Each structure stands twice: as structure tokens, then as C-alpha cells.
Amino acid sequence: MEKSLVFRTLHEESPGLKWQALFGYHWPAYEAWYLAEGERERPAYLSCYNALRQHMPELLETYRALCALAGGGDLAARFLSLYQPPPYITGCSQAVLARHGSSLLARNYDYPPELCEGTILHTRWNGRGVIAMTDCLWGVLDGMNDHGLAVSLAFGGRKAVGEGFGAPIILRYLLEFCDSVPEAAEVLARVPTHMAYNITVADSAGRYVTAMIGPDRRASIRRVPVATNHQKKIEWYAHALASETLIRERQLSILVDDPAATEERLLEAFAAPPLFRRDYKRGLGTIYTAAYWPVTGQVSYRWPGETLDLAFDHFPEGELRVSYGLR
């Protein structure tokens with residue numbers, strides 16, 4: 001038995017009919033997920049709106065436009081704020097390879113295929129071109145803007161849940177309004193998150209950081225090129241064992257610390273165990289590999305036997321069905 005996922009590339013400069021159709025297609029599943037713990041567990045609209053206004057006010061114009069396209073309903077507006085969403089757990093590995101004035105941010109996204117949206121969206125909502133793998137219809141799992149800022153998120157391997165935003169909307173905020181790693185680091189230090197995440201950021205000047213953020217402690221932002229699914233030390237041992245977070249971190253650390261390591265070698269490592277994982281039954285299989293080159297603006301999404309190369313001036317729309325064998 002196999003699972004499959006259709007990846008779609010969509011190019012729409014401003015919020016419009018294409019995004020509206022995307023919302024209509026995915027909303028039934030997202031609504032069920034959003035209400036899985038009961039509607040009372042989700043914050044009221046005013047709380048969501050005020051949180052956005054306080055922490056990411058520049059996003060409000062886009063947020064209002066998307067809410068209108070979604071029909072203007074209360075529940076959809078609360079969901080689209082990504083404030084206090086239901087908790088969720090992923091795997092993921094990510095690393096930056098900085099060499100001779102160039103840098104590459106690469107990552108594997110490990111998650112149940114049936115829960116991945118599979119939309120690669122190219123937009124220009126706030127004056128910056130953005131290419132991103134989306135989550136929750138406008139949040140970002142990983143992506144890059146045309147000023148050369150690339151971002152990627154991984155679950156932080158801790159059970160803490162608190163008041164704050166889902167990381168995908170924080171990454172959207174970074175790509176819409178930040179041009180550099182220092183600017184992104186300032187945002188990551190101040191915007192509250194509802195769960196523990198490791199967010200790796202790279203820019204066209206060769207700078208990079210990994211921010212270990214969570215709802216119960218101050219963000220730790222360090223010049224670290226590698227992140228998997230723990231923060232400094234193991235705190236959730238069962239998840240760490242199942243996800244092999246230490247093994248993956250060690251593999252990536254050895255690679256990026258090797259002066260002879262090339263971009264090709266790093267991408268080959270992401271395509272093979274232990275970084276590439278096939279544990280789809282437990283929701284820890286690799287759904288895709290993403291690669292971002294901040295200096296050139298090149299983007300690549302990869303699967304076994306398939307590669308999709310894109311750029312800000314080359315973004316054909318289309319679909320690609322990927323099958324995942326269960327074992």
C-alpha cells in the first residue's frame with residue numbers, strides 16, 4: 001500500500017482567485033483539524049487579531065485580504081491568524097553550507113504525507129517576491145525571498161505548549177518583511193510561539209543562525225548551521241529515539257564542518273539514510289527535500305527520481321504526484 005501527495009506550484013502576485021481556490025480545496029480538512037480539540041480551545045477572533053496587531057502588524061493588510069477571500073467568516077479568520085493553533089509534531093533536518101561567498105540552505109521535511117498541503121506558492125504580497133512551501137494556506141514551512149533571505153523550520157523536540165503563534169506564520173512574516181539574518185533574528189527573539197521550534201535562517205551575505213524558540217523560555221539564537229529535533233539537550237526521549245534526532249544532527253554536523261564538503265555532497269546526504277527517512281507509518285517519513293540558494297535566488301525541491309528547479313524568474317505552474325511506500 002502506498003500514500004501519495006500532489007505538489008502544486010502556484011504563482012499569484014497579490015491575494016486573488018488562485019489563493020481563494022486553494023482555500024476552498026483545503027478548508028474542510030483544516031477546519032476539522034482546527035476544531036479537533038473543540039472550538040472553545042481555540043482563541044476568539046479578537047484575541048487573534050490583537051495578537052497579530054501587537055506582534056506582526058505589517059501582516060494585517062495581507063491577513064485582512066486573505067480573510068475576505070476566505071469568505072469573511074469568524075472561524076476561518078481565527079484559523080488564518082495561526083494564533084494558538086492545535087499543537088502538532090514533525091521531524092525535519094536542516095543545514096546551511098556556506099562556502100566562498102555562496103551559501104545553501106537545505107532541509108528534509110518529515111511528516112505524514114496525507115497532512116502535508118503540498119503547495120509551492122510564489123507571491124509578491126508586500127513588495128518582496130517570495131517562494132515558499134506553504135502550511136495552513138499562507139504559513140511557511142521553508143522558503144526564500146528575492147532579497148536573498150531563506151528560512152526553514154523543524155520541531156524543537158519539547159512538549160511545552162503556551163501562548164503564541166504557529167511557526168509557519170512567523171516564517172511568513174520573516175520572508176515578507178526581512179532582508180537579512182540580523183533582521184530575522186530580531187523578529188525571532190520577540191514574536192511569541194506556541195510550541196518549541198528550531199528555525200534556521202540564511203542570507204545572501206553568507207550569514208546564518210539557528211533560533212531555538214519556545215513558549216516557556218527566551219529564544220536562543222546562535223551561529224549554528226545545523227538543526228534537527230532537539231534544543232541543546234534531549235528533553236523528550238521517546239520522540240528523540242523515534243526521530244533519530246541525534247544521529248541526524250551528527251551526520252549533518254560532520255558534513256558542514258568538513259572543508260571538502262560540497263553542495264552536491266550535502267544534497268546527496270539528504271537523499272539517503274539517516275537523513276532521508278521512510279518511516280511513513282509513524283508519520284516520520286521524508287516528504288520532500290528543499291534547497292535554497294540565497295545569492296542566486298535558485299530553488300530546488302527533490303524526491304527520489306524527481307527534481308523541480310525553480311527561480312523568481314522561472315516559476316511554471318503545474319502539478320507533480322509523489323508516491324510514498326509504507327513500511
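Predicted model: local features only at pLDDT ≥ 70, side-chain atom pairs only at ≥ 80, totals over all residues.

Q: What makes the protein chain as compact as a globular protein of its length?
A: The chain has nine helices and 15 strands. Its radius of gyration is 18 Å, close to the 20 Å that the globule rule gives for 327 residues, so the chain is as compact as a globular protein of that length. Along the principal axes, the C-alpha atoms fill a box of roughly 55 × 45 × 45 Å.

Q: What share of the residues in the protein chain is buried, and what share of its contacts between residues at least 6 apart joins residues at least 24 apart?
A: A residue is called buried when its relative accessible area is under 20%. Buried residues make up 58% of the 327 residues. Of the contacts between residues at least 6 apart in sequence, 68% join residues at least 24 apart. The chain exposes about 13300 Å², and carbon and sulfur atoms supply 51% of that area.

Q: Why is the space lined by Y88, I89, T90, Y109, L141, L153, F155 and Y197 called a cavity?
A: A cavity is a set of points where a 1.4 Å probe fits but cannot get out, whereas a pocket is open. The space lined by these residues is the largest cavity, with a volume of about 40 Å³. The structure holds one cavity of 30 Å³ or more. Its lining divides into seven nonpolar residues, one polar and no charged.

Q: How is the lining of the largest pocket made up, and which element gives the largest share?
A: The largest pocket holds about 480 Å³ of space. Its lining has 21 residues, and Y30, E114, L115, C116 and E117 lie nearest the centre. The elements that give two or more residues are β1 (2-11) and α1 (17-34), and α1 supplies the largest share, five residues. By class, 14 of the lining residues are nonpolar, three polar and four charged.

Q: Which elements supply at least two residues each to the lining of the second largest pocket?
A: About 210 Å³ of space lies in the second largest pocket. It is lined by 13 residues, with L267, E268, A271, R302 and W303 closest to its centre. The elements in question are α9 (263-270), β13 (298-303) and β14 (306-311), and α9 gives the largest share, four residues. Six lining residues are nonpolar, two polar and five charged.

Q: How do you know that the peptide bond from P273 to P274 is cis?
A: The omega of this bond is near 5 degrees. P274 lies in the loop between α9 and β12 (286-293). Most peptide bonds are trans.

Q: What is the phi of L137, and why is this residue called buried?
A: L137 has a positive phi of about 75 degrees although it is not a glycine. Most residues other than glycine have a negative phi. L137 is placed in the loop between β5 (130-135) and β6 (139-145). Its relative accessible area is 0%, so L137 is buried.

Methods
Residues numbered from 1 in each chain as written. Heavy atoms only, no water. 1 Å grid on protein atoms, 1.4 Å probe; cavity = no way out; pocket = protein on both sides within 12 Å on 5 of 7 lines; lining within 4 Å. Points joined across faces, edges and corners; volume = space filled by probe spheres on them. Nonpolar A, V, L, I, M, F, W, Y, C, P; charged D, E, K, R; others polar. Rg over C-alpha atoms; globule rule 2.2 N^0.38 Å. Buried < 20%, exposed > 50% of the residue type's maximum accessible area, 1.4 Å probe, protein only. Contact = heavy atoms within 4.5 Å. Areas by Shrake-Rupley, 256 points an atom, 1.4 Å probe, with all protein chains shown as cover.
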